[in-house]
Amino acid sequence: MVLYPVIGKLVHKRVVLASASPRRREILNQAGLRFEVVPSRFKEKLDKSSFPTPYAYAIETAKQKALEVAHRMHSKDSRTADLVIGADTIVTIAGLILEKPVDKQDAYRMLSRLSGKEHSVFTGVTIVHCSRAGRQLQTEVLEFYEETRVTFSELSEEMLWAYIHSGEPMDKAGGYGIQALGGMLVEHVRGDFLNVVGFPLNHFCKKLSQLYCPPTPDAHQESIPAVGSVEKLRDPETLTGQANAGEGVQQTACNGTVESQPPCPWGLLDLIHGFKGSKVLLTACKLKVFDVLKDGAVLSAADVAAKIDASVHGTEWLLEGCAELGLLLRCAQGYRNTELASVFLASDAEYSLQGFITLCNNHTWDLFTHLETAVREGGDQLRLLSGRQTEDLFKDPVLIGSEEMLLQWMRGAHDLAKLSAQALAKAFDLSRFKSACHLGGCTGTLAYRLAQAYPHLQVTVFDLPKVIELAPSFHPCGWQAAQVSFLAGDIFQDGLPEAELYILSRDPYSWPDDVLQQLLSKVSEICKPGCALLIAGPVLDEERQTTRAQIPMLLRAHSGGRTTQGYERLLRAHGFHDVRVVRTGGLLDAVLATR
Ligand SMILES: O=c1[nH]cc([C@@H]2O[C@H](COP(=O)(O)OP(=O)(O)OP(=O)(O)O)[C@@H](O)[C@H]2O)c(=O)[nH]1
């Protein structure tokens, strides 16, 4: 029996499960899905430390598994799939990611860690939608994850070893199978049980329904829209308006004639509603909702209202909005932060985005509310919206009227830099360099990460005097302080300090071409043969000219970003060679070129 109509809609599609897991096969079989199994050959060895969260790692692994199968099927057998499904399940406890144990000792280590405690199980799922463009394979990727919290009983040594000797732990994430003997170790489960077993069926069906059976506009209207748009992945029939009457495209009018109407523009409706979700998030951050719920606190709406000094009714509405957006979890006792909120939204979290969020709420939001005036009259708002802000943000006293505004901008830049600094520092082996200069290095986030990765590297952060003056408040305590120095100057006007490695990362992709060319000439002049330039910016997909990070380039970039070839051309024109690109999987990719 098929409960979700979407399963039936996939009958004529070639659906492939890119997994060797018998559990995933069984779960999808039971749901009535017709699919082939092609186990992925992707080696699961991504660098966990380069991901900001455990689920980002699980999602990326799931994606690589699915893409490997999609490409293999297309190129080897020319049997292009319509949909390829990949999944990856991990267990996390106290910041550690546990996968399948490599041997019994490893299983013992994992299970004794889980004993008597609550842990999270994340399954990252990727749905790759494949199509052909001539001989080329085109892929569109939809990804999501599900978290389930599982609490283990205290496990005696005897019990632990008896379970390990049963052989069950070996092919299971975290070393246990909740669906079999391992179920005896489990005291409590919060969330989707099948997610622990290896596949979040409920979430998967909902995602498919969004793609292939979007709800009617009326049902949609009052709800806060989903954060991401999946328009491109919807059933092509629905998109082109060729669906039949049963799918609501043709309607019989009162006079009996059949009228046709265009398909519902879901992507458009998401755009129209999108600002609501954004404002809910910005407001909850401003009111410190995620701070009062940090460290696993579970509070009722009334308790939260008292702590944030707001009305109970209004707080209830806000908390419900946050839950809809996946930022809070509802439970019987009230609300608690999701993993996403704990990692990125609590003010004192290592990867907190509070500074960036405050900037968006106080500054960017206002600018966009004046978009119409800016378009009509030109002026500062338009200048900022056109992506030229990085060029003269600090120079323009109108845009940066006060030190507080500059600080806000720096906090935002600092938050974003934290997201990619570690991956950028490790993208290449930079151990041959003794000195580096980060041009426009702002608060020094990348500089400190580089110093940490290369103990013999001296890094100079070169930025405007006002920025350098305020930068100390961002310096991490006790971190490689002797290796990092700050120097005031204007990268466009002043001479650049000498270094073996120059770094450009302050949105080089959003500098207009002429400005970037000017800067590269300057760097090229001072950079000695054998020395190098590292650019941190999103590298666009060669074929589709989109970034994997899905940055809304149009809204922020003047030049629209560059492909690998684009960077190569640009850098060669300025006397650099050996241009190498590493896609970090994060916000910024890394490009290294030698002079
Ligand atoms: O309670 C349970 N927890 C986990 C499992 C099974 O564990 C594995 C997780 O490993 P992974 O996601 O890497 O998937 P693989 O088995 O390697 O298959 P792929 O081909 O997809 O890489 C998974 O099989 C879960 O089902 C369990 O059974 N119970």
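Helices are DSSP runs of H or I with at least four residues, numbered from the N terminus. In this predicted model, helix 10 spans residues 266-286 and contains Leu271.

Is Leu271 buried or exposed? Its relative accessibility is 66%, so Leu271 counts as exposed, the cut-off for that class being over 50%.

**Ligand shell**

The ligand is surrounded by 21 residues, and Ser19, Arg24, Lys65, Lys100 and Val197 are the closest of them. By residue class, the shell around the ligand holds eight charged, seven nonpolar and six polar residues.

| Residue | Protein atom | Distance to a ligand oxygen |
|---|---|---|
| Gln179 | polar side-chain atom | 2.8 Å |
| Ala173 | backbone N or O atom | 3.0 Å |
| Glu44 | side-chain N or O atom | 3.2 Å |

On its own, the ligand has 580 Å² of accessible area, and the protein covers 94% of this area. Which elements give two or more residues to the shell around the ligand? They are helix 2 (22-30), strand 3 (83-93) and helix 6 (193-197). Strand 3 provides the largest share of the shell, with three residues.

Methods. Residues are numbered from 1 along each chain as its sequence is written. This is a predicted model: local features need pLDDT of at least 70, side-chain atom pairs count only at pLDDT 80 or more; totals for chains, interfaces and linings use all residues. Side-chain values use heavy atoms; hydrogens and water are left out. A residue is near a molecule or strand if one of its heavy atoms lies within 4 Å of it. A polar contact is a pair of N or O atoms within 3.5 Å; within protein, one must be able to donate a hydrogen and the other to accept it, and residues adjacent in sequence count only if both atoms are side-chain atoms. Accessible areas come from the Shrake-Rupley method with a 1.4 Å probe; for residues, only the protein chains shown count as cover. Ala, Val, Leu, Ile, Met, Phe, Trp, Tyr, Cys and Pro count as nonpolar, Asp, Glu, Lys and Arg as charged, and the others, Gly among them, as polar. Buried means under 20% relative accessible area, exposed over 50%, partly exposed in between (1.4 Å probe, protein chains only).
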